Amino acid sequence: MRMRTLLLTVFVITALLVTACAPAPEPSAPAPAATEAEAAPAEAAPTEAAAEEAAPAEAAPADAAAAGTVIKIASQTPLSGPQSVLGTAIKNGAQLALEQNGSALQEMGFTVELAPYDDQATPDTGVANAKQIVADPAVLCLVGHLNSGVMIPSMEVYHNAQLAAVSPANTNPTITERGYAEVNRIVGRDDVQGVVGETFAREEMGVTSVYIIHDKTSYGQGVAEFFRQSAEANGMTVLGFEGTEEQANFDSIITPIIAANPDLVYFGGIYSQGGILFKQAREKGVTAQFMGPDGMDSSELASLGGDAVAGMYYSSVAGPANVYPATEQFIADYEARFGEQTQPFAAQGYDSMGICLQGIAAAMEANGGQLPTREQVAAAVRATADYPGITGSVSFNDKGDKTVATYFVLQVASADPAQWNTNQVIKSLDIAAP
Amino acid sequence: MRVRRPNPLMEILRPLGQLLLFILGSSVVISGITILIAVLIRGTRTDMDLLQITLVLLPQVLIDGIVLGFMYATIALGYTMVYGVLEFINFAHGEFFMFGAFAGVELLIWMQGQGWLPADQSVMAYVFLGLAIIVGMIVSGTISVTTERIAYRPLRGAPRLVPLISAIGVSFLLQDVMRFYQSAVNGAFYRSFPTFGGFSERITLFTLPLDGRDITIAIQLTSIVIIVAGIVMLVGLNYLVNATRLGKAIRSVAQDRNTSYLMGVDVNRIIALTFLIGGALGGAAGVLWAFRFTRADPYMGFLPGLKAFTAAVLGGIGSIVGAMLGGMVLGLLESFAASYLSIFTQGAFGAEYKDIFAFAILILILIFRPSGLLGGKTTQKA
Amino acid sequence: MSAQSSAQLSPIQRMLKGPLGLILVFAISVGASYLFVLSPRSLIVRLLLLGSLLLIYYMPQKGWIKLLFGGVMLLIVLPYLGLFNPFLMELGFQIAAFATLALGLNIVVGFAGLLDLGYVAFFAVGAYLWAFFGSQQIWHMDEPPGTFTIYPTFPFPAWWFWPFLIVGIIAAAITGIMLGFPVLRLRGDYLAIVTLGFGEVIRVLANNLDKPINLTNGPQGITPIQRPPLPAYFTSQEFLNQLSDIAGRPISLNDIYGFFFYFVAIVVLIIAIFLARRLDNSKLGRSWTAIREDDVAAVAMGVPLRRTKLTAFAIGASFSGAMGVIYAANRTFVSPETFSLTASISILVMVILGGLGSIPGVVLGAAIVTLLNIDFLQTLSLQLSSLRQGSGFIPLTSIPWSSLPTQLDPARYQRLFFGLLLVVMMIFRPEGIIPSQRQRLELHEEPVDEPEGAVIEGEIEPDHKLEN
């Protein structure tokens, strides 16, 4: 019985395929008729397919701007599993940007689509997806990833296929240090943000001793590590350096802090842990000031941490709402569109998509209104200058870092999450990428 | 489980005494070992007096450990009851715990939305908290019984691996069901416990001098609530199992399912009831966990579940008293490891190894005393 | 095994019998390949292609014919098609890699009956071994993670990959024995929990051994990791140009490595299948069966319990040790995230889904789970997302696609899906898709739902078919 069913399935699929799908099974295949005509003379045997594949990689097709040609922008973030909150935020941000700003390309006769891939926060899936993505000639740009651990192996694939990638969240220095022409990021680097935080703590807050905790992720540990190095180099006493994967129970980590009695507790990680850590620390009698990196930048920090986080400082690369009014609009739009609160990296996802769209449009213009190649798009994305993003103005340097990233240090204004947007910028620093 | 004539008062006093003994005993032993280590390696640190720091932190570490121990013990009861009756590790128990936590938190968030929750300490705050715990127990108990009916009962005669794998499947399923529910209904991944009733207040016990300043040793109101709730549940369960008719039926099914069936015990009903009780206790622990640590998320059940299982094995799985002891020992050990490891090793190893600690203990116990600290009954029946 | 009588064959298998059947299978394979060339990115064509491999496996032909067919498909046709879509090679690599892991786990769980929930730990041992020696990590042992620079040279030559394949096998086997020793006395459920704990311990160690000595670089992961050198011919520009001409897209060195690792993984998988089959029918294999069924009786019959269990752990672990080394080289990056409990469970799902103790079943299980994981559910989600961005309506309703909430994306619920699969499989078909003879008998001892006749009819043991 079983085998029969199995084989039947196979035959049914075959039948389906023969009747329906043979010519162009993917609705998104880029206008085969047009590309075929162009590339056919140059190619050998399986012309149709070869041409279809060759089109975007080689010379521009003659009239690809035929109505309805699909351009895809892929996103790769974790959409399932524990990190899906942040991954979904990036995807939603990108989707919002596409819906709001995709019209420029629509007017030029293209349909722009988001292809949201789920990398599950694992390198395996990330690389497999990356190969799927680069195999689809309609994909011209990529927004991703959340985890540096997934980005590093996947970006080899993007580099190989000359696919422009704009990272909304990867702060690990390695990513741009490889010097790939395709890989860019709109966030600051761990090695700068940690130092910014430390400098502020030492010079403005006047602290002389610090206890550092991080979340054992490549992001949190990275920031914390640079904070520590800078602190040690500048004569601040580092009383402890602890990592924890714990989500909620920080009791036993806090006890040594009480004994160490630091001036400052720095937490390298995300608000969802940070808020609880700070709250528990304050409740247990830690009197030190608190500080964190841009992972703290969410109103959830206030709703989790309450009074404990009011008045604490955090460094950030994203412009707060009262500095960039666009952010406020973005938050309102986001909540209206998805019925969810904005989460960290949603704004970065929005900006990454914006840069992708702008890059494609620029490449298209340079190409005389025709569908650009991936190489052209990558070059155009890299050439981005003064893009007015909601997380600040973006220009890329030759490594793909923001030439001058503005780093802010903000102070939490109130324990009320609704007041999050009134957080004041205490200091802003323009720092060139190293 | 021995057969004995129940004396209701004794069945309440005896576990209370045992609990006290366990807490005192394990505290003294573990503190003693820690102090000994501190004395031995005192010379390696010149920047601070290791012994003094150890001593000053000791009360706080003990309080944290005991609170954690009560929570592990409460969760461990669910494992130990099901194992006692079915000889089956209910891998999904951590997810029952998670569902209970969400149920309680959702209820309280709703109440807060209605403006019912008092901001300051009052009797009503305790009533609402109790209500949340009861709702958590009902939800977890229901899910536990349903799971038993759908995913475990059809597999009762199958080889041992089969229901275990099914339980792993249930565990994954429940995690994502909750995640789906939360993202669809609330657009959120986790929920935080509302602040109300002034529970975060600290009661200062005493102060100790260190480096010319005073370290305040205090206990939070939440901790006291958890300890009281834990004692009530542990003693109550002990009473239920050892001094009631239902308890007798549970014990008889645990001893020999077929014979009890012949004696007129409705085995299926008893097993379902066991799941109900175990699940409900897990749910209560879930609400308490969220109450103490302020957050409920769909994956919160996995690690506490695993550690509670370790606690159950440590104490001797199948034994209720053993679960109390195991939970207490594990909670204390974990608390000590996380707090002292980095001080003792000058930061080379730190709190991040506390989970390994729990597993290492599990492995050691299973090697040297597979029946657990208190287990007399053979736990390795095929 | 004697040739099967036609009475044992299912109707479809009867259709595939004889020279006519051979031609049919050949036609389907060629058809699928041709369709792939036409539309290299279609999910349906990919499924058809893999389905034709299944047909080859099922067709009632002589063993060497099937081997020839299968060999040609795997080693010539698929790589050729991989020129048109590099994803095919990645899919093939991952299926082969996970099938090897699943075969290793199958030795422990399926043959010896020891439930191991931390199997991915051995994979981690192999991967970190080559990650450490194949990267510059040895120069960075006294530096905190994430702060150092990358040098152009490596401490050890790249060809060390090959000897390290062997070292990886040995290291994983030793780890297996190290785990095996303390837990020898445990069985069943206890063992499951201890191995689960062990898996977590290895992951936590990988995550934390960046201090006091930086061995694993902590959560940052180790990168870059060297790949083995290829013969100059394969990396020459001419060769690349030739391939580019065929493929109609530029083929780079990275693509060549895609093919290379596909071949390596296939070869390792074939060796693993061969070993597993030999073991299954050996004295050791029967000892495993004996301790799985009843260890007391087995000991009474003279089976050395300790040694038998330890070899199961060691051999099972060695499979994944080898794959770990290959994995590290393929990805050029290793981080603790890969070695989570979810990974262990999904390997277990492969084994259970395919059939505990059944070698073809396990390979099929690995293929199905991997396909679901990285291809099927993803593509489904993408199609949904594409529909959602269009202006169409859900068939038979007047609800526009765009109003479908993103919360419903299938890709987001992989764990839910796997969980459901485990429960449903356990309740309705605990012996798996292609059950091993013994499991089927064991799990259907009492005639519950299937009449006797149904078990015999059409259910030949595919396990032994290649031995004709």
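**View 1. Helices α7 and α9 of chain B cross in this predicted model.** The axes of α7(B), residues 245–255, and α9(B), residues 267–293, come within 10 Å and cross at roughly 105°, where axes are lines fitted to C-alpha atoms over the stretch in contact and angles run from 0 to 180 degrees between N-to-C directions. The two helices, α7(B) and α9(B), are therefore roughly perpendicular to each other, a term for angles of 65 to 115 degrees. Leu246(B), Ala249(B), Ile250(B) and Val253(B) of α7(B) make the contact with Val267(B), Ile270(B), Ile271(B), Leu273(B) and Thr274(B) of α9(B), residues being in contact if their C-beta atoms, placed from the backbone, lie within 7 Å. These residues divide into eight nonpolar, one polar and no charged.

**View 2. Chain A touches chain B.** Here 31 residues of chain A are in contact with 34 residues of chain B. At least two residues each come from β7 (237–243), α11 (251–260), α12 (271–283) and α13 (299–305) of chain A, and α11(A) gives the most, with seven residues.

**View 3. Chain C has 19 helices and zero strands.** Helices are DSSP runs (H or I) of at least four residues and strands (E) of at least two. Of the 468 residues in chain C, 54% are buried, which requires 20 or more other C-beta atoms within 10 Å of a residue's own.

Residues are numbered from 1 along each chain as its sequence is written, and chains are lettered from A in the order in which they are written. In this predicted model, local features need pLDDT of at least 70 and side-chain atom pairs count only at pLDDT 80 or more, whereas totals for chains, interfaces and linings use all residues.

Conventions: Contact = placed C-beta atoms within 7 Å. Parallel < 35°, antiparallel > 145°, perpendicular 65-115°, else oblique. Nonpolar A, V, L, I, M, F, W, Y, C, P; charged D, E, K, R; others polar. Buried ≥ 20, exposed ≤ 12 C-beta atoms within 10 Å, placed from the backbone.
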